[in-house]
Amino acid sequence: MTHLRYLNTTCAVCGESCRFTIPEAASSVGSRDLDTRPAEPLRSTIYAWVKRCPSCGYCAPDPGKARRGAADVVKLPRYRWQLDSRKFPRIANTFLCWSIIQEELGIPAQAAWASLHAAWICDDEGDDVPARICRTRAADLLRRAWEQGERLTSQPGGDEALLVDLLRRAGRLREARAVVVEGLEQNPQSLIADIMRLQDRLIAARDRGVHTVAEARRFKQPTLL
Ligand SMILES: [Zn+2]
């Protein structure tokens with residue numbers, strides 16, 4: 001069971017006192033999804049990963065801290081629109097606002113993660129269209145991070161595996177397939193290769209659903225071991 005505690009802080013943007021509910025640190029038991037989403041109980045703590053100042057709308061993992069320039073981003077029309085957009089679940093808006101801050105401050109890798117996390121919120125709410133928008137945004141930001149010489153994951157081939165899942169679940173199947181082909185041509189380590197081959201089958205079946213890393217291991221093709 002996850003116990004709750006509180007974070008009392010002062011918003012770094014507007015100076016208002018805020019109190020946020022945060023869960024105790026949790027780990028995960030079981031396989032991750034192909035897009036790195038952890039299993040429970042960590043999975044369900046996502047609702048507390050990014051917090052929203054109720055006064056000014058600044059969204060951050062710790063609203064008591066702000067990078068230089070963050071306060072200006074909070075005022076941007078695109079930020080204000082996202083904060084209260086009815087097209088997305090409320091908590092997805094919180095993640096997307098945090099993503100916009102990272103993007104505007106020139107940190108596309110972190111912006112991509114925040115957008116992917118927003119997609120997970122949409123998944124939990126059963127909102128398919130906003131989930132696809134969040135994944136498309138995450139995929140675009142991931143590629144922008146590459147252009148800057150940054151990667152989202154430390155594992156070789158990890159970013160490519162993540163990009164395939166973003167594209168497949170966003171319904172961009174042709175693009176996803178192209179990344180699978182390129183990824184396998186790089187002769188990746190076995191886990192990444194297993195994931196790419198599972199993705200290849202899912203794309204062929206036009207399957208846009210959630211699947212786990214454990215499935216990739218299970219469907220390993222003996223001839224390719
Ligand atoms: Zn504030």
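**Helix packing and a zinc site in a predicted model**

Q: What makes H6 and H8 roughly parallel to each other?
A: H6 and H8 are roughly parallel to each other because angles under 35 degrees count as roughly parallel, and the axes of helix H6 (residues 158-170) and helix H8 (residues 190-204) cross at roughly 15°. These axes come within 10 Å. The model is a predicted one.

Q: Which residues of H6 and H8 meet?
A: On the H6 side they are Gly158, Glu160, Ala161, Val164, Asp165 and Arg168. On the H8 side they are Ile192, Ile195, Met196, Gln199, Leu202 and Ile203. By class, this contact of H6 with H8 has 7 nonpolar, 2 polar and 3 charged residues. The crossing of H6 past H8 is left-handed.

Q: Why are H5 and H6 called roughly antiparallel?
A: Helix H5 (residues 128-147) packs against H6 at an angle of about 150°. Angles over 145 degrees count as roughly antiparallel, and H5 and H6 are therefore described in that way. Their axes are 8 Å apart, and H5 passes H6 in a left-handed crossing.

Q: Which residues make the contact of H5 and H6?
A: H5 contributes Arg132, Arg135, Thr136, Ala138, Ala139, Leu142, Arg143 and Trp146. H6 contributes Asp159, Glu160, Leu162, Leu163, Leu166, Leu167, Arg169 and Ala170. The contact of H5 with H6 divides into 9 nonpolar, 1 polar and 6 charged residues.

Q: What makes the arrangement around the zinc ion tetrahedral?
A: The zinc ion is coordinated by the SG atoms of Cys11, Cys14, Cys53 and Cys56, at 2.3 Å. Four donors count as tetrahedral if all angles lie between 85 and 135 degrees. The 4 donor atoms here subtend angles of 107 to 113°, so the arrangement is tetrahedral.

Q: What kind of peptide bond joins glutamate 40 and proline 41?
A: The bond is cis, with omega about 0°. Proline 41 is in the loop between E2 and E3.

Q: What is the phi of threonine 36, and where is this residue found?
A: Phi of threonine 36 is near 80°, a positive value in a residue other than glycine. Threonine 36 is in the loop between E2 and E3.

Methods:
Residues are numbered from 1 along each chain as its sequence is written. This is a predicted model: local features need pLDDT of at least 70, side-chain atom pairs count only at pLDDT 80 or more; totals for chains, interfaces and linings use all residues. Side-chain values use heavy atoms; hydrogens and water are left out. Axes are lines fitted to C-alpha atoms, for helices over the stretch in contact, and angles run from 0 to 180 degrees between N-to-C directions. Helices (H or I, at least four residues) and strands (E, at least two) are DSSP runs, numbered from the N terminus. Angles under 35 degrees count as roughly parallel, over 145 as roughly antiparallel, 65 to 115 as roughly perpendicular and the rest as oblique. A crossing is left-handed if the near helix is turned anticlockwise from the far one by less than a right angle, and right-handed if clockwise. Contact means heavy atoms within 4.5 Å. Ala, Val, Leu, Ile, Met, Phe, Trp, Tyr, Cys and Pro count as nonpolar, Asp, Glu, Lys and Arg as charged, and the others, Gly among them, as polar. Donors are N, O and S atoms within 2.8 Å of the metal (3.2 Å for Na, K and Ca); water is not among the atoms, so sites may look incomplete. Four donors count as tetrahedral if all angles lie between 85 and 135 degrees; four count as square planar and six as octahedral if opposite donors are over 155 degrees apart and all others between 65 and 115; anything else is irregular.
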